[in-house]
Amino acid sequence: MASSNSLEGMTALITGSGGGMGRSHAVLMSERGADIIVHDIKEDGANETAEMVQKNGRKASVLIADVRDVPDFTAKIKAAEKEHGKIDILVNNAGVSGKHRMIEEIDEAIFDEMFGIQVRGAFFATKTVVEGMKQRKSGRIITISSIYAMGGSDFACHYSAAKAALSGFTKSWARELAPYRIQVNAVAPGFVLTGMTQGSNSPDMIKARGEGMPLGRLTTPEDISYAVAWLASPETEMITGQVISPNAGEVIVGY
Ligand SMILES: NC(=O)c1ccc[n+]([C@@H]2O[C@H](COP(=O)([O-])OP(=O)(O)OC[C@H]3O[C@@H](n4cnc5c(N)ncnc54)[C@H](O)[C@@H]3O)[C@@H](O)[C@H]2O)c1
């Protein structure tokens, strides 16, 4: 049986790929043959990721924008699409941590930042790439949610709610875009050691979390990238509207 996880000939836009898991997705997807549009708010990080993609022999272009500045962000996506000829894969990955904040600590600015980056950012990136995907009748959209969307959180309800909104988008977009052969799925990681989690958890908390995982260790950025790259590949032509959660067995919910 012929099967392939090759991404040869594809162009992927990965938001927030100037570091953390987004960078890991860019490296793996370029290893599998994709050209990458590296997006981030941070120029240095984005340039470093682009160099890694180029070392894998693939074309990389850098798109610097704050996802909350919708006119600037979407105009730059359109320009990158023109430069590459198409965008086959969108990974909605850019995000910020909820830190450890109780309800009383979440003011309007913190609430708006969370929903502006996670929810508005993913919506307007998707809206921008969908036009070309619909014309070509093909495309993959992979949105990064979280275990906190599925099981809730006792210390970052705004983060959980924003991630749950992304699961709602995923299921709705999957239905709306299926007639155009555009597949939409979400990856909902558990705790992954990146700049984000190192910034909001002490080393002791991180050690305890890893030791407590049913599968015996913390999930790595690469573990998440394998799920993301697979969902972009020809092996998953019949998968849409799903939420896959690489989380070391920490959270198991649903049917
Ligand atoms: N690390 C975890 O344990 C974990 C678990 C579940 C889900 N996630 C999600 O995975 C994704 C990646 O997280 P990570 O851990 O790699 O974090 P990270 O902080 O290492 O990477 C996030 C990237 O998004 C970029 N970004 C942030 N705000 C932006 C903005 N306004 N405009 C443009 N870019 C912006 C950052 O510059 C950064 O490069 C996020 O959506 C996060 O919520 C992380």
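Hi everyone, and thanks for coming. Before anything else, please keep in mind that this is a predicted model.

Let's begin with the sheet. How many strands form it, and in what order? There are seven strands in an open sheet, and the order is β3-β2-β1-β4-β5-β6-β7, with parallel pairing. At the edges sit β3, residues 60-64, and β7, residues 243-244, each of which pairs on one side only.

Strand β1 and strand β2, residues 35-40, run parallel and are joined by four bridges. If you find Ala12 on your screen, its bridge partner in β2 is Ile36. Four bridges also join β4 to β5, again in parallel, and here Val91 stands opposite Ile142 in β5. Further along, β6, residues 182-187, pairs with β7 in the parallel sense over two bridges, with Ala186 opposite Val243 in β7.

What about the faces of these strands? In a regular strand the side chains alternate between the two faces of the sheet. Take β1: Thr11 and Leu13 are on one side, Ala12 and Ile14 are on the other, and all of them are buried. Strand β5 is mostly covered, with six of its six residues buried. On one of its sides you have Gly139, Ile141 and Thr143, and on the other Arg140, Ile142 and Ile144.

Helix α9, residues 221-231, lies across β4, β5, β6 and β7, and it runs at about 170 degrees to β6.

On to the core. Which residues have the most contacts inside the largest nonpolar core? That core has 64 residues, and the ones with the most contacts inside it are Ala12, Leu13, Met29, Ile36, Val38 and Ala232. Helix α4, residues 108-136, gives the most to this core, with seven residues. Let's stay with Ile36 for a moment. Leaving aside neighbours within four places in sequence, Ile36 is in contact with Ala12, Ile14, Ala26, Met29, Ser30, Val53, Arg58 and Ala60.

Next, the ligand. Of the 27 residues around the ligand, Gly16, Gly20, Gly95, Thr194 and Met196 come nearest. Two elements give two or more residues to this shell, namely α1, residues 20-31, and α7, residues 195-200. By class, the shell has eleven nonpolar, twelve polar and four charged residues.

Asn56 is in the loop between α2 and β3. Asn56 and Pro179 are 34 Å apart, C-alpha to C-alpha, and 123 residues apart in sequence.

With residues up to four places away in sequence set aside, Ser4 touches Ser233, Pro234 and Glu235. The C-alpha atoms of Ser4 and Trp230 are separated by 9.4 Å, although these residues are 226 apart along the chain.

Key:
Residues are numbered from 1 along each chain as its sequence is written. This is a predicted model: local features need pLDDT of at least 70, side-chain atom pairs count only at pLDDT 80 or more; totals for chains, interfaces and linings use all residues. A residue is near a molecule or strand if its C-beta atom, placed from the backbone, lies within 6 Å of it. Ala, Val, Leu, Ile, Met, Phe, Trp, Tyr, Cys and Pro count as nonpolar, Asp, Glu, Lys and Arg as charged, and the others, Gly among them, as polar. Two strands pair if DSSP finds at least two bridges between them. Two residues are in contact if their C-beta atoms, placed from the backbone, lie within 7 Å. Axes are lines fitted to C-alpha atoms, for helices over the stretch in contact, and angles run from 0 to 180 degrees between N-to-C directions. A nonpolar core is a set of buried Ala, Val, Leu, Ile, Met, Phe, Trp, Tyr and Cys residues joined through C-beta atoms within 7 Å. A residue is buried if 20 or more other C-beta atoms lie within 10 Å of its own, exposed if 12 or fewer, and partly exposed in between; C-beta atoms are placed from the backbone.
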